[in-house]
Amino acid sequence: MSDEKKAAWEPDVRLKLRGQPSPVTLHNHQLAAHDRLTAYFLNDKKRAGLVVVPTGGGKTLLAAHWLLNNHIANGGRVLWLAHRRSLLRQAFSTFVRVANVAHPRKESLNLIAISSEFARWSSVSPEHEVVFSSMQTAVLDANTGFIAEMKDGSPGGLFVVLDEAHHAPAPRSYDLLKKLKKWGCPLLGLTATPVRADY
């Protein structure tokens with residue numbers, strides 16, 4: 001990413017949504033996965049699942065599209081966790097790109113990215129429908145209260161996404177996810193490699 005684009009990037013944005021079609025059309029494999037997510041989480045009321053799609057197969061786009069259409073548009077909030085800032089930026093940009101999927105049920109969408117280089121957890125407000133946080137920041141004891149506030153301030157429910165979910169077995173990550181699951185938050189893992197190879 002160029003220095004100019006980095007300088008222009010803002011980690012806290014409010015988007016005005018419009019009745020325009022999505023600039024991106026989902027591919028057949030994404031549409032099939034979209035339908036499976038609906039059946040799994042909405043019809044079967046499952047609480048935790050994993051989407052496995054090869055690198056470059058559009059996991060982020062699939063998840064953003066599904067969450068905007070099925071959770072955020074219905075008043076829910078999303079906590080998107082990733083281990084790298086580049087993944088947070090990518091997810092953030094994807095949500096910005098396809099945000100209109102939530103229209104007309106939503107007229108605006110507020111996004112914020114949290115990490116040591118972006119915004120802080122103390123900047124998150126009830127108006128932020130999507131919070132993108134580095135896992136390293138989210139697992140800090142000092143931020144547990146902010147995450148609990150986000151959960152409590154989500155009358156439409158808090159949906160948690162873990163990008164590169166094969167990292168979930170890391171002890172602090174696992175503890176946070178276990179807490180979120182205990183709180184009743186649905187969890188969706190995204191990965192291209194469902195089995196860790198770094199043992």
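**Exercise 1. F92 and F132**

Decide whether F92 is buried or exposed in this predicted model, and do likewise for F132.

*Solution.* Begin with F92, whose relative accessible area is 2%. A residue counts as buried when this value is under 20%, so F92 is buried. Next take F132, which has a relative accessibility of 0% and therefore also counts as buried. Finally, look at the surroundings of F132: leaving aside residues up to four places away in sequence, F132 touches W80, L88, A91, F92, F95, L111, I112, A113 and I114.

**Exercise 2. The nonpolar cores**

Find which residues of the largest nonpolar core touch the most other members, and which element gives the most to this core.

*Solution.* The largest nonpolar core holds 41 residues, and those touching the most other members are W80, F95, L109, F132 and L188. Going through the elements, one finds that at least two core residues come from each of the helices α2 (28-43), α3 (59-70) and α4 (85-98), and likewise from each of the strands β3 (77-82), β4 (108-114), β5 (130-134), β6 (158-163) and β7 (187-191). The element that gives the most is α3, with seven residues. There is also a second, separate core, made of 23 residues, and V139, V160, L162 and L177 are among them.

**Exercise 3. Aromatic rings**

Work out how many aromatic pairs there are, and why the pair of F41 and W66 is classed as it is.

*Solution.* The count comes to eight aromatic pairs. For F41 and W66, the ring centres are 6.0 Å apart and the planes stand at 45°, so this pair is tilted. Another tilted pair is formed by F92 and F132, with 5.3 Å from centre to centre and 50° between the planes. This pair, too, links distant parts of the chain, because F92 belongs to helix α4 and F132 to strand β5, 40 residues apart. Ring pairs also join Y40, F41, W66 and F159 into a cluster.

**Exercise 4. Confidence**

Find where the pLDDT is below 50.

*Solution.* Start with the whole chain, where the mean pLDDT is 90 and 93% of the residues reach 70 or more. The pLDDT is below 50 over residues 1-7, a stretch with three contacts in the model beyond near neighbours in sequence. Where pLDDT is low, predicted coordinates should not be read in detail.

Notes
Residues are numbered from 1 along each chain as its sequence is written. This is a predicted model: local features need pLDDT of at least 70, side-chain atom pairs count only at pLDDT 80 or more; totals for chains, interfaces and linings use all residues. Side-chain values use heavy atoms; hydrogens and water are left out. pLDDT is the predictor's confidence in each residue, from 0 to 100. Contact means heavy atoms within 4.5 Å. A nonpolar core is a set of buried Ala, Val, Leu, Ile, Met, Phe, Trp, Tyr and Cys residues joined through side-chain atoms within 4.5 Å. Buried means under 20% relative accessible area, exposed over 50%, partly exposed in between (1.4 Å probe, protein chains only). Helices (H or I, at least four residues) and strands (E, at least two) are DSSP runs, numbered from the N terminus. Rings of Phe, Tyr and Trp (its six-membered ring) pair if their centres lie within 6.5 Å; planes under 30 degrees apart count as stacked, over 60 as edge-to-face and the rest as tilted.
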